Each structure stands twice: as structure tokens, then as C-alpha cells.
Amino acid sequence: MKVQKKSSSSEILSVFSRVERQAQCVEPFGVMRRAIYPGSFDPVTNGHLDVIERACTLFDQVIVAVAINDQKQPLFAPDERLAMLRRAITNSNVRVAPMEGLLVEFAAFEKAHAVVRGLRAISDFEFEFQMALMNRKLDPEIETIFLMPKEEYTYLSSRIVKEIAKLGGDVSAFVPPPVAKALAKKFRIKLGEVAPIT
Ligand code: ADP
């Protein structure tokens, strides 16, 4: 005789929360597929924009979440990073928002089911894999998906763009024009600050 397993209260709660979250996402025209694309975006590059465009083909809405409590000591202030992203993104299905605290909490608050991350090379993999699994532990409802940019952007990072700009190089092929301008301004001001008094 088959014995039916009794559901534990935590299993019941988990099913309930899944059903509740799915119900919250039902919009007048069906289920809204919403994803979060989190990052520092210090500053936004053409590689980030490529990932955003790809994500837009898979989701109804993409929320680009700018990490505020960043331990990376960003060059640009949160407001500057948000403004540069908003200027660069024209797709009306994309929203740019600041994000403080845990990504899984932000995703649950925004009723998103997926987190999008960009994968450029094997070197990205270890960290991204660890973070995706940790986020899954924290909230099994949220799936992380990885998108590869166009080949020409696979060597591009905000860090390398900042290094080139700092040394006076031309970054116009790697970032939107307002970002190239902002970088030039930032480093001129910084260099001016440290210039020796003669
Ligand atoms: P973080 O500090 O979270 O790594 P970044 O702004 O550096 O923030 O990157 C955000 C996300 O975008 C990460 O998933 C990163 O791998 C991805 N990313 C960054 N640059 C590129 C690029 N050139 N092509 C594709 N993905 C990228």
C-alpha cells in the first residue's frame, strides 16, 4: 500500500509563497516576466548595454539595479551611475533603479523571477557560479541566467575602461558618448587635484 507523505509546514509555506508570488505577477495581459540585472555599472559600458538588449528579448521588463552599498570604492557616485545608465538606455521595457542590501530581497520586492548576469570569459565563471548558487540558497524561487555579449565586448570591463581613460586613452569605442565625456571630466579634475604646485 502506498503511504502518502505528509507535507511539512515549511513545504506548505514554500508552495504558498511560490503561488502567491506567481499570482502577484499576473498582469492584465498575462504573466509579466521580469528580470533584475544587478551590477556596479561604474560606469556603464557597451558590454552592459549589449547584455541589457539581449535580456529584453527574453523578458517583458528588465530592471537594471545599481548596487549602492558597493565595497569596490566606485569612481562614480550612485547618482552619476544611475544618470549615465538612464541616458544610455532607450528601451522602454528597461527601468534603472538603485539597489541596497540583498539582491534576493530586491528581486522579491520587485516580483522578479530571474537575475541576469553577463559572462565574458572563464575568469568570470567561478565568482558568478558561487554567487548564483548562494542566491539560490537564499531564495530558491529566483533563477540566475547568464548571457554572453557580442564577441567584441568579451574583453571589455568598466575597470579596463577606467584605466584607459585615466591614462588619457580614447574610450569612445567602448562606452556611450556621455560616459566618455564624464570619464574625461573625472580624470581631468582628479589630475588637477594632485598636480604639483610650481
Ligand atoms: P559587478 O560589480 O556586479 O561585477 P559590473 O558592473 O562590473 O558589476 O558587472 C555587472 C554584470 O555585467 C556582471 O555580470 C558582469 O559579468 C557583466 N559585464 C560587465 N561587463 C561586461 C561585458 N563587457 N560584457 C558582458 N557582460 C559584462
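Here is a short walk through this structure, from the whole chain down to one helix and the ligand.

The model is predicted, so local features need pLDDT of at least 70 and side-chain atom pairs count only at pLDDT 80 or more, while totals for chains, interfaces and linings use all residues. Residues are numbered from 1 along each chain as its sequence is written.

Let's start with the big picture. The chain has 7 helices and 7 strands; these are DSSP runs numbered from the N terminus, with helices being H or I of at least four residues and strands E of at least two. Along the sequence they follow the pattern α-β-β-β-α-β-α-β-α-β-α-β-α-α. Of the 198 residues in the chain, 29% are buried (20 or more other C-beta atoms within 10 Å of a residue's own, with C-beta atoms placed from the backbone).

Now zoom in on helix 2, residues 46–58. Helix 2 has 13 residues and reaches 19 Å from its first C-alpha to its last, close to the 18 Å expected (1.5 Å times one less than the number of residues). Its buried residues are Gly 47, His 48, Leu 49, Val 51, Ile 52 and Ala 55. Among the elements covering them are strand 3 (34–39), strand 4 (61–67) and helix 3 (78–88).

Helix 2 also takes us to the ligand: with 3 residues, helix 2 gives the most to the shell around the ligand. Strand 6 (114–118) supplies at least two residues of that shell. Of the 16 residues around the ligand, Gly 39, Gly 47, Arg 117, Gly 118 and Pro 149 come nearest (a residue is near a molecule if its C-beta atom, placed from the backbone, lies within 6 Å of it).

Conventions
Buried ≥ 20, exposed ≤ 12 C-beta atoms within 10 Å, placed from the backbone. Contact = placed C-beta atoms within 7 Å.
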